[in-house]
Every structure is written in C-alpha cells, then in structure tokens.
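Open the structure in your viewer and keep the selection tool ready. We will go from stop to stop.

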Amino acid sequence: MAQHLKSSKSTFLNVLRHSLAFGSPSHASRHLRQKLPHGGPPSIKKVSPNPLTRLCNTMVDTLSSSHEDTNSQVMDFPGGKVSFTPEIHFISESNEERVPCYRVLDDNGQQLPNSQFVPVSKEIAVKMYSDMVTLQMMDNIFYEAQRQGRLSFYATAYGEEAINIASAAALSPDDVIFPQYREPGVLLWRGFTLQEFANQCFGNKSDYGKGRQMPVHYGSNKLNYFTVSATIATQLPNAVGAAYSLKMDGKDACAVTFFGDGGSSEGDFHAAMNFAAVMEAPVLFICRNNGWAISTPTSDQFRSDGVVVKGRAYGIRSIRVDGNDALAMYSAVHEAREMAIREHRPILIEALTYRVGHHSTSDDSTRYRSADEIEWWNKARNPLSRFRTWVESNGWWSDEAESDLRSRIKKEMLEAIRVAEKTEKPNLNHMFSDVYDVPPLNLREQELLVRQAIKSHPQDYPSDVPL
Amino acid sequence: MASLLGRFCRKLVVPGSAHGSRMISTTACDSEAVKSLNLYSAINQALHIALETDPRSYVFGEDVGFGGVFRCTTGLAERFGKNRVFNTPLCEQGIVGFGIGLAAMGNRAVVEIQFADYIYPAFDQVKRVFPTLEFDFSTAEFLIRGFNSQIVNEAAKFRYRSGNQFNCGGLTIRAPYGAVGHGGHYHSQSPEAFFCHVPGIKVVIPRSPREAKGLLLSSIRDPNPVVFFEPKWLYRQAVEEVPEHDYMIPLSQAEVIREGNDITLVGWGAQLTVMEQACLDAEKEGISCELIDLKTLLPWDKETVEASVKKTGRLLISHEAPVTGGFGAEISATILERCFLKLEAPVSRVCGLDTPFPLVFEPFYMPTKNKILDAIKSTVNY
C-alpha cells in the first residue's frame, strides 16, 4: 500500500513538473528543458501571478524535500525565464527606424564602398545577366502573343528579374522550389528551355502539365520546381513540410518558397512561418515585396514595417534586401541557404522591388496607379541596367555581346512559339488521367460517355485535341 | 417608351458566344424605368442601393476600392467613402471572419471573394466546433481538440449556438463562379455543393442581370448569412433590361421560366442559357420541356420542382460542377422520394466531369447543349 502511494506521489510530482514545462514534442521542449534548473522547478519566495503555477509550486514544495536557491527577480513561466519590471511599458508598434535594406550596387550599378558580398565569377555573372535579359525578352514576346490572341493569358515578371535570376543562381539544383507564379526565372536559370515555357503556355502535348492549366503555371520535377497553382500562399506550408523531409534525409539542400507582399497576408503565411520555426525546418521564405497586390498597395496590406519584421515574431532570422540589386540578392540567398541547411532553421528574406508590369493580361494597372510611377521604376531603378553596368565594369560584357544575345533570344523565342502553336494538344485521355494514380470506375465510365458525345456531335469540340 | 417595354417579356440577349445568341424570357414586371445593363452593372446597381438604403452597411474585399477585378464595385468607394467601401488585405479567412464580426454587431457586411475558387480558406469560417479540453494522464498533456473556421463553423452556427442571442444575418458573401472559357483549375470552379451541405447559411445563384439585382438585394437584406455566387461568364456577355428602382426577388422560390409537359429541367446560373437552347432544339423534335430556375439552392424550393415533375414525369438536372456529390444529387434524391410513382424514367444528371476543371479540355468537360439534348431524348424515350 505504501509502495503504491509512494509511486503515485512521484508520478504526481512528475506530472506537476511536466505540466509546468508544458510537455511538448522533443525538438521544442529541448529549449525549455535547458532553461529549467536542474532537478525540477525551484521553490520560490515570490508568489507567482499565475494561479495554476502557484498551486503546482505550493504542492511541489509541500511534497518535495529539496529546495533550490532562486533569483527572486526571475520567474519560470511556461516558455522559460522572464524578468519582471515594475514599469508599465508597451513595446512600440514600430521601431524608430525602418529595418535597413542591404544592397551592394547603387542605383547606377556602381559597387558601394565597404559593401559585403559573395563574389561571383565571370561565368556566373554573365549567365545571371544573360538570363535576366532572356527573362525580360520572353515576357515581352509572350505578352505580345497574348495581346494578339495567340495565348489566352500571361503574367510578366517585369522589374523582378534580379530576384528571379540571382536567387536561383545562389541555390543548388537540389534545393526544391515552391513558387507563387512570378518566378519563372528560377526555372530558366536551371535550364528550362524557351520551348518548354512555350509548350506550357500553349498547352500542347509537350507541356509537362498536359494542357490542364492556364499559361505560366509551369512545373518541373526534373528541375525541382513544384508546379504553380494560382491560389495565393498555399505553397508556403508545403515548402515547410518539404524542408523537414530534406532535414530528415540529411540532404545538403533546402526548400525555397516565393510569395508577394499580398501573400504575406494569407493565413498560410502565418501557419508556414510558425511551423518552420517550431519544426526547425531548412526553408527560405523569399518575399517579393513589389508594392502591389493587383490594385492593393502595401498600405492597405499591412501596417508593419514591411514583411521583414514579421520574422522575429516567429523566432525566424530575417533580412531585407534590395530586390533590384542582383549582387545583393545573390549574397543574401547564398548566406541564407547556408544557415538554413547547417543550422536547420528557416530564414525570411524580404526583397524590396517594384511590379513594373500589370498584375497580368487581365489587368490594366494605369487604372489605379500613375503611368509616371511605373515609368520611373522601369527606367531609373531597372535591375538589368544596374547589373549590366557592374558586369561591364569588370570587362565581362559589351554592346556587341548584348545585341548578339538579344537577336539570338528573339529568334529562339519566335521559333519556340511557332513550334508550340502548331504542336497538337494533349490527347483527350489526359483529361481523365492523373486525377488519381489510376482512373477509378466512374472516370472510365465518363470517358466512354464523352467519347460517345464527340461521335454524335463532333462540331461541338475543338479539332486540335487528338482523340 | 420605357413603360411600353415594361409590359412585354424582358429579353435576355447574350451576344457573340460559342453557343450563339440566346434568349431567355423573364417575367414582365411593373412599368418602371428600365435600363439595359450587363450583369456586373446590375450587381453594381444593387450594391449602390444597398449602401444607400442602409447607412450601417459595408462592402469590402480584395481590390474592391478601384472597382474590383470584374468592376462590380465601381464608384462605391467614391460615393460612400473608404470607411464603408475598402480594400482588405489578401486573406479570405480574414475577410469573412471580419465580416461576421461586423454583421454580429448589427451591420450589413457585403464581402467579396475574388473568385469562388479562393473561398476555401474562408469556408472554415463557415463553422466552429466548441473546442474540448482533455487531460491525457499518460503524457501529462492538455489536448485541445477543435478547429476554427469561418463560413461553416462561425457564420452558419452563430445564431443557433447562442440560442438566438446573437446572429450574423447581415453577412452576404459574393463570389464569381463558373466557367469562363480559359479559367483552368483556379478561375472556373463551381463550389456550391460544399455550401449546400451547411445548415444555417443560404446559397443563391442568379441567372441574369435583372435576377441578380433583385436576388442580391434580397440576399443582403435577408436576416441569414448568404453565399451569393455570380456567373462570371455573364458579367459582360449577358445584357438585359433591368429596372432602375429598388426591388427584391424572393429567396427560396424557384421559377418556371419555360412551360412544358414532357420533361422538367432544373438548373441555375449560366447553365440555364445552355439548357434553354436544348429546350428549343427539343421542341423542334416535338418534345415539350419545362425549365425551372432554382435560384436559391439552400433552402431550395422543393414544392415547385415536385409540382412540375408530377406533371411531366421526368426530371433532368444540369450543372457545371462535377456530377459526383453535386447539388443535382440532392435534387434527384428528394424528387425520387416525393414523386417515385409519377416518374417515367430515371432522373438524369448532365454535369461536369469528376476531374479538376481542365483548361485545354474544357469543351469536353462542360455539360453542353447537345449532351443535354441527348439526355432529354433518352429520358423521354426510356
């Protein structure tokens, strides 16, 4: 009987001690356990304001025969030690100064004195610049194609070429990408060809997505770039799960996810950031703060100092970067990646930039912002010209190289469109495949019905979809 | 001239679409001033009237300030001010949750979800189960079971869970839905069936500009939370004579928009224009079709449909949403219960397929006029 009572008592003590520490999964409570004094909760001289803690502590004192010395100005609430203050003081809603923005090049592409950055080789720098030009030209030509009625839809990345290319350049091919929809440059860097882009936009049989989605909804498992979905910020928690997988497999790789200023308002942003911190996931959150979410300016989006300050709220290390500075982007992503993988932690990068283009071909942004503003960003703060100046200053580029590149890309693009346009669409059976791994009975039945309908009324159906 | 027009059938003209121009007659109304309006303009008019007639009403959502991506909110912010008509941050759960709070304080909150395809984060706000707190002795952990959600768990249950001490009846959620020709997975969805499964909210879908204005005003003023799906395909395409005054069309009342004797067809929204074409073609082959616009899907007007099917003995339902678990299944089951002995043939459903809404394959996916016509014939010849 005594034995039973004793074991009950120690069980109960453990329960009390454990509940004080708010028992939780090992990776999180490791932090808590370190903070707790060895041997259990201290007996305290000051009375805790928390009634539950007070009760537990009183009972522990009564039942336990050991006493600990304690610092009377500090209390172990669930979550760790915190010191008291007799002053009533609210933390200000903002810092006096905004978080400064890291940059390496000035507006004219001159390297700033004392700038810290990760050096890039000639080869990388030239590829970076060339890909930025390619991205811009690809956007020009596809946008025009939509205006001519050859494409149903398009969205450009004008103004954000440095974010696209420089971030990709700083990553390894094994890092898995969870894009929003304005980061085709990452695919471009990794080797997605202009033809492959065109195939998806035209939804032909060579499109890896099998013609199921609107243009710009690219994806490539070969290049570790998860397929775009138009829903905002849904990719953020996905990226965290993927990062956790990479950590469990011990890979030298991280997950990288992109989103806009608008995306940071979604609930999924909160969920993802919090999970990433708690799960200690090696994921980079790269926010393209381009000032606009369709017609909504950032002043209607949040009242914080942008997105970078939100990192600290979740316990996530963060940096604000000039997104139109290719060298700064490269360095920030490079360093962030290393920290994420080595230290198993998420990093938040807020890349400040400007959405020079309309939201998409369904938008006319002059309806809500001035054409002058757009023009200014296009000319004075252009990421391409800034980086070109720096690349040329190293003797790695020239006017001749520029015109050679542009004429080659133009030719390639026009050819890619020509081929994509005349390539037939995916076969009808691809409407029914991939809903599940294997088509279930109801889909097999529906395919038969559809094929019957086509036989009876062929005029109702497009002739370029092979049956 | 306007009064003369008022005495005749109002004609809905849908020009330049793949299905050719269509005409749907709506019932003639009083001789009042009318104006030829498209769907987004009619909705815009309803919103102007709603804000004008109730100073405690608000319109908000993503990008509504500059008029909205479909122009439904044009001129509202300028006229009523940014305190009543405003952009929200990009967050559907926040939009609906905030709207519920406003409505619970006695205001009318008319919120816009930019595309019905994006309504799911807010779906959660459609319902909240009371969290239960349990203590697990083996691990000494408090386990909180429960989940938050706005439309299902909050809006739908607000009145019921509080014993009618509180309600958020002033909430109306508007969202464009349905195929548009090139919308793909995320700009074409018809999610009405999910919401029809939630007691406590109403689901309303107009078929035309005139209907939209009247139904929207009814929805806004209805003392229950309403989800109002607008057929985006018709925003510009549909043009109709719309009365300029403040009028309401009752909820939960279906309308027989075409009388017939051989088969009853039931539909809603843009699909009715397709069904009307099938009815015209069927008539040429001697089949007399009765066409019903359900208008309100929850709670739906069973009596009108039942009366029609008892007359015709046959039922065909058509909707863009995938057939499995679509709202047609509910109609079919109910009519079967009520009209079993009167049915001459199984209930037919001509609907979208059980796949995500595809881009290139959209023409194959859609319930076309000819698919409906074939089903009419096979039902009549059963």
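Predicted model: local features only at pLDDT ≥ 70, side-chain atom pairs only at ≥ 80, totals over all residues.

**Stop 1: chain B as a whole**

Select chain B and switch to the cartoon view. Its secondary structure comes to 14 helices and 20 strands. Of its 382 residues, 61% count as buried. Now show the surface. The accessible surface of chain B is about 14,700 Å². Carbon and sulfur atoms hold 55% of that area. What share of the chain B contacts with a separation of 6 or more comes from residues 24 or more positions apart? That share is 79%.

**Stop 2: a nonpolar patch**

Stay on chain B and select Leu336(B), Phe340(B) and Leu341(B). Together they make a nonpolar surface patch of about 380 Å². Focus on Phe340(B). Is Phe340(B) buried or exposed? Its relative accessibility is 57%, and exposed means over 50%, so Phe340(B) counts as exposed.

**Stop 3: aromatic rings**

Next, look for rings. Over all chains, the structure holds 31 aromatic pairs. Pick one of them: Phe123(B) and Phe194(B). Phe123(B) sits in helix 5 (residues 120–123) of chain B, and Phe194(B) in helix 7 (residues 192–195) of chain B, so the pair ties together parts 71 residues apart in sequence.

Colour both residues by accessibility. Phe123(B) is partly exposed, at 24%. Phe194(B) is partly exposed too, at 46%.

**Stop 4: helix 9 of chain A**

Move to chain A and select residues 267–278. This is helix 9, with 12 residues. From first C-alpha to last it reaches 17 Å, close to the 16 Å expected at 1.5 Å a residue.

Show the side chains. Which residues of helix 9 are buried? They are Gly267(A), Phe269(A), Ala272(A), Met273(A), Ala276(A) and Ala277(A). Look at what they pack against. In chain A, the partners are helix 8 (235–248), strand 4 (255–260), strand 5 (283–289), helix 10 (310–314) and strand 9 (347–352). Chain B joins in with helix 4 (92–104).

Last, click on Glu280(A), which follows helix 9 of chain A. Its phi is positive, near 50 degrees.

Technical notes
Residues numbered from 1 in each chain as written. Chains lettered and ligands numbered in written order. Heavy atoms only, no water. Patch = residues over 30% accessible without salt bridge, like charges linked within 9 Å, V, L, I, M, F, W, Y side chains within 5 Å. Areas by Shrake-Rupley, 256 points an atom, 1.4 Å probe, with all protein chains shown as cover. Salt bridge = Lys/Arg side-chain N within 4 Å of Asp/Glu carboxyl O. Buried < 20%, exposed > 50% of the residue type's maximum accessible area, 1.4 Å probe, protein only. Helix = DSSP H or I, 4+ residues; strand = E, 2+ residues; numbered from the N terminus. Expected span 1.5 Å × (residues − 1). Contact = heavy atoms within 4.5 Å. Phe/Tyr/Trp six-rings, centres within 6.5 Å; stacked < 30°, edge-to-face > 60°.
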